[in-house]
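Trainee: Please take a close look at one part of this model and describe how its residues are placed.

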Amino acid sequence: MTDALELAQALIRCPSVTPADAGAQAVLADALETLGFTVTRLKFGAIENFFAERPGTGAHLCFAGHTDVVPPGEGWRHDPFGGVVEDGVLYGRGAADMKGAIAAFAAAAARAPGHVSLLITGDEEGDAIDGTVRVLEWMEAQGKIPDFCVVGEPTSRVRLGDTIKIGRRGSLNARITIPGIQGHAAYPRLADNPVHRLVKTLSALIATPLDAGNAWFEPSSLQITSTDVGNPAANVIPGAATARLNIRFNDMHTGAGLTDWLTEIISGYAPAAELAVRISGEPFLTQPGRHTEALSAAISQVTGLMPEPNTAGGTSDARFIAGFCPVAEFGLVGASMHRTDECVPLAELAQLTEIYATLIRDFCR
Ligand SMILES: [Zn+2]
């Protein structure tokens, strides 16, 4: 099975909601083995992953993707795991994000010779702990780090080929807990109001922009996502106040640098505050050059569009790959991802396959 549509349908019919695999990786691995790939299954914890490689001369191009999908939710017009085609459109959970692209990887490899590998994980939509990171560590130990990696996330915005991602912002979540001394609202001198400290702290945090952005990134953004006191009484100064915030930051910052900055501001207003930080991704940028140009050229050859290099949106597994080799992301139009009746027009699936095949021919020479 090396036709992109057939393969995408077979993948969609496996209800591989994270962390379940439901046979999805076997469908893909079988297809790749018939194409001469050697498939190494890499199960870490409860998560199925694999690395597949077809040797060849020239540069090593890796396609990375995930077989897991988010839950379908309610309200679909089509069976989310049926793989139904209606009026030239394939419907199903994962059609856009990203079983369609995975099917296109394999179909492209069938058409174009070259040193190609696939890094497939079943843990992208979840914690991403036992997925891409662990496979990359294995690849490095085996000497299998590629020259360039393309992640098939749905990066196109309106038309297939209008956008590639050459980087992503980092993401930091923080919880601030400010202790106080509980007391009667009429006797504030006997209390220490943590809400006042919290308000001053938060207003200092949002007072100045983190930066003005740069050539490839929009300005970093700090969003206060919750303030919680939970005090039902009108005449009580509460004993503690908490807030949560999220920072989406560009490559002018690091998670550690922002943590230091938060600590400094907070301690100025609330020295006894507790700060809990979770950095879910550092920013990365693949400088435009030979690699991104090869991808852009393949896209424009097939679609006639010159893609815009972009770094917006959430995090993806590309943040892990960036630590090992140049990486860019390109895939289908993302409008329907994570939504009901997720879909891909068959014409776009065919075009995506042709783009990946063109890239293999040009890059792996
Ligand atoms: Zn995805």
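Mentor: Phe-51 and Trp-138 are both buried (under 20% relative accessible area, with exposed over 50% and partly exposed in between; 1.4 Å probe, protein chains only). The model is predicted, so local features need pLDDT of at least 70 and side-chain atom pairs pLDDT 80 or more, while totals for chains, interfaces and linings use all residues. Residues are numbered from 1 along each chain as its sequence is written, and side-chain values use heavy atoms, with hydrogens and water left out.

A search of the whole structure gives six aromatic pairs (ring centres of Phe, Tyr and Trp, the last by its six-membered ring, within 6.5 Å; planes under 30 degrees apart are stacked, over 60 edge-to-face, the rest tilted). One of them joins Phe-51 and Trp-138, with centres 5.7 Å apart and planes at 55 degrees, a tilted arrangement. This pair links distant parts of the chain: Phe-51 belongs to strand 2 (residues 49-54) and Trp-138 to helix 4 (residues 132-141), 87 residues apart. Helices (H or I, at least four residues) and strands (E, at least two) are DSSP runs, numbered from the N terminus. Elsewhere, Phe-63, Phe-105, Phe-330 and Tyr-356 make up one aromatic cluster.

His-66 lies in strand 3 (residues 60-66) and Glu-153 in the loop between strand 7 (148-151) and strand 8 (163-165), 87 residues apart. His-66 and Glu-153 are both buried.
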